[in-house]
Amino acid sequence: QSFKLLGFLDVKNVPCARESVLYGSLGSFVMGLGHFLATSRVRRSCDVAVGGFICTMLGYWFYCRYNLAQQRIRQRMLKEGMKNRIFFEGTYLDPEKKQTGSERSDS
Amino acid sequence: MANRSQLGFQDASSPIMEELVQFHDHALMVALAICSLVLYLLTIMLTEKLSSSTVDAQEIELVWTILPAIVLIMLALPSLQILYMMDEINEPDLTLKAIGHQWYWSYEYTDFKDLMFDSYMIPTADLPLGHFRLLEVDHRVVVPMESPVRVIVTADDVLHSWAVPSLGVKTDAIPGRLNQTSFVANRPGVFYGQCSEICGANHSFMPIVVESAPLANFESWSSLLSSQ
């Protein structure tokens, strides 16, 4: 099942989308309300709220996607490392064997 | 394959397709931000009286020049990154030729042995229960998983297009021309695609099925087919 904002953004299945929209809404509310309480200008506060929504949403989106990209790279490296460990175990290319070998030579 | 009434992408089965899906999500988030702004501005315009005593608007002109430029850069940079990633020169383990005909595909594996076969759609009347209508073929393209595969696409008669959405591949098959594409299937599975260039009456009935299998299974399949 999917829930699509404005008919196209699937916030349930796209990573970081749900949090971005929720944080954006919170940021919009806080900034809009704060501006109104400070200035009592309704129209300008609405403008600030919309601007705050866009900036907070995009800001959290970039932050979350950057972390997600780093996590995916780490996952790929881990997967490759596990595959190589199984592949080379017991052979002269086994990195664990090289480590224990160097420890023995040191002692 | 796509489910009934599916609008979004199929699950990615290659690293390039994963990147394309990520970029698509990123582009849609930017689109959501822009649409929200436009909707808000429309609402403002429709609820206020039209009056303007503005003669000079340097600041707003600056804002609505620089902001769209920033948005375009935010979209262009990852797009170019993926574009160049798709064209990276890798050393493929296997070269496969896909030739489009009216109305079937033929495949040639000529790296090690001369292995060639035709791939016709299984008609609905002959389809076993539980199989996918208009997508199943009599001979699937089998490729080893997690190995770069080069596909050379051409056609024998009219324009066709060899497309497998979950692998992120779509290449036109043009008579007299060899087009090259490559992919890496990063998991075992069966991936469906359909001809993507109008080619006559049975254009919708010449599907493509790629089966990704471990290398040992691929080797036994190719030996079996070569011996027949």
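Tyr60(A) is partly exposed, with a relative accessible area of 22%, where buried means under 20%, exposed over 50% and partly exposed in between (1.4 Å probe, protein chains only). Tyr23(A), at 42%, is also partly exposed. The model is predicted, so local features need pLDDT of at least 70 and side-chain atom pairs pLDDT 80 or more, while totals for chains, interfaces and linings use all residues. Side-chain values rest on heavy atoms, without hydrogens and water.

Over all chains, 11 aromatic pairs are found; rings of Phe, Tyr and Trp (its six-membered ring) pair if their centres lie within 6.5 Å, and planes under 30 degrees apart count as stacked, over 60 as edge-to-face and the rest as tilted. The Tyr23(A) and Tyr60(A) rings form a tilted pair, with centres 4.6 Å apart and planes at 40 degrees. This pair links helix α1 (residues 17-39) to helix α2 (residues 42-88) of chain A, across 37 residues; helices (H or I, at least four residues) and strands (E, at least two) are DSSP runs, numbered from the N terminus. Phe87(A) and Phe88(A) make an edge-to-face pair, their centres 5.3 Å apart and their planes at 70 degrees. Phe87(A) is exposed at 65% relative accessibility, whereas Phe88(A) is partly exposed at 25%.

Strands β1 (residues 94-101) and β5 (residues 148-155) of chain B run parallel, joined by seven bridges, and Leu94(B) has Val149(B) as its bridge partner.

Conventions
Residues are numbered from 1 along each chain as its sequence is written. Chains are lettered from A and ligands numbered from 1 in the order in which they are written. Two strands pair if DSSP finds at least two bridges between them.
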